[in-house]
Amino acid sequence: MNETSAGGAISIAAEMIDKNSPIAASVTSASLKRGNREVITDFYVSADVLVEPKKFAFKVFLRLNAKKIRFEKVSFKHCIFDGCYLNNCTFDSCDFTGCRFIGSNFHQSSFTGCQFEYAVFERCQIDDDILDSEAPRPENLRMRFARTLRMNYQQVGDAKAVNKAISLELEATSIYLYKSWRSKESYYQKKYTGFKAFSQFLKWLEFWVLDFIWGNGESIVKLARTLVLTILAISLYNTAFFGNILNIADHWESVKRAPGVFLGVSSPQEYSIGILALITATRLVGVALLTAILIKRFGRR
């Protein structure tokens with residue numbers, strides 16, 4: 001079956017759908033009209049499909065099969081792929097805008113230069129390299145693209161891909177929040193005006209602080225850096241109030257003493273109750289954050 005016959009087969013299947021079936025009695029609004037979406041069930045694609053801007057768009061593909069098929073410049077706009085199996089296929093410059101992928105398998109299939117704006121993935125097997133090459137450029141769309149794939153990978157238990165999707169989602173979220181109050185681009189200028197821009201600034205500030213402290217729950221390295229900075233702060237406090245700030249030896253003694261103070265091994269009598277309480281609270285929060293990271297990391301497996 002060549003390209004034309006493959007498209008023709010789908011058209012024949014579409015004609016089998018009863019377009020004149022009555023609209024449910026519960027939807028009788030005059031402004032509600034039947035759409036042109038067609039359901040294609042239990043078909044397979046047997047030949048490459050090249051430059052097809054219309055025939056594959058706005059379809060519901062149920063259990064569509066294809067193996068080692070090349071799709072180039074094919075529009076799948078607003079399609080639903082439900083229970084499809086597309087093995088080792090190549091999608092080059094295809095348009096998946098507004099598509100929904102449900103329980104489908106794209107084992108070893110590759111995507112190059114495709115559009116995935118507003119696409120949604122649920123329980124799909126799809127390689128995580130799609131995050132590297134196919135994420136939309138606008139930050140808001142990139143953020144949602146990474147989020148839906150993160151949830152998808154969680155559903156299929158792919159921990160490595162979940163971590164990769166989270167990294168992309170956090171990166172896009174950071175840029176989006178920053179631009180929402182800072183950028184002069186018309187999109188942000190129109191959407192976030194006045195108090196909304198200030199509100200976005202607070203959200204960005206919260207995001208930035210949490211990212212610095214522990215990478216928004218994703219970075220043990222950043223949490224370790226925060227704990228080291230806390231210990232250095234204790235050391236500096238110790239030198240400033242109970243030693244000579246200009247004496248290197250005092251600094252060194254404080255550095256050796258600070259870890260014990262932070263971990264609660266020692267509680268210097270000269271420290272005020274308030275300072276000791278602050279150090280204890282910081283230690284407890286640090287342990288809680290470390291526990292949360294470990295649970296999230298191992299909980300995905």
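Predicted model: local features only at pLDDT ≥ 70, side-chain atom pairs only at ≥ 80, totals over all residues.
Numbering runs from 1 along each chain as its sequence is written, and side-chain values use heavy atoms, with hydrogens and water left out.

Overall, we've got 9 helices and 12 strands; those are DSSP runs, H or I of at least four residues for helices and E of at least two for strands, numbered from the N terminus.

Let's zoom in on Asn-87, which sits in strand S8, residues 85–87. Is Asn-87 buried or exposed? Buried, because its relative accessibility is 10%. Leaving out residues up to four places away in sequence, Asn-87 touches Ala-66, Lys-67, Lys-68, His-107 and Ser-109, where contact means heavy atoms within 4.5 Å. Then there's Asn-65: 22 residues from Asn-87 in sequence, and 8.0 Å away in space, C-alpha to C-alpha.

Now, the second largest pocket. Which helices each supply at least two residues of its lining? Helix H7 (220–242) and helix H9 (273–299) do. The lining includes Tyr-237, Phe-262 and Leu-278, and it splits into 7 nonpolar residues, 2 polar and no charged. For the classes, Ala, Val, Leu, Ile, Met, Phe, Trp, Tyr, Cys and Pro count as nonpolar, Asp, Glu, Lys and Arg as charged, and the others, Gly among them, as polar. A pocket here is an open set of points on a 1 Å grid over the protein atoms alone where a 1.4 Å probe fits, with protein on both sides within 12 Å along at least five of seven lines; lining residues have an atom within 4 Å of a point.

Note on methods: Buried < 20%, exposed > 50% of the residue type's maximum accessible area, 1.4 Å probe, protein only.
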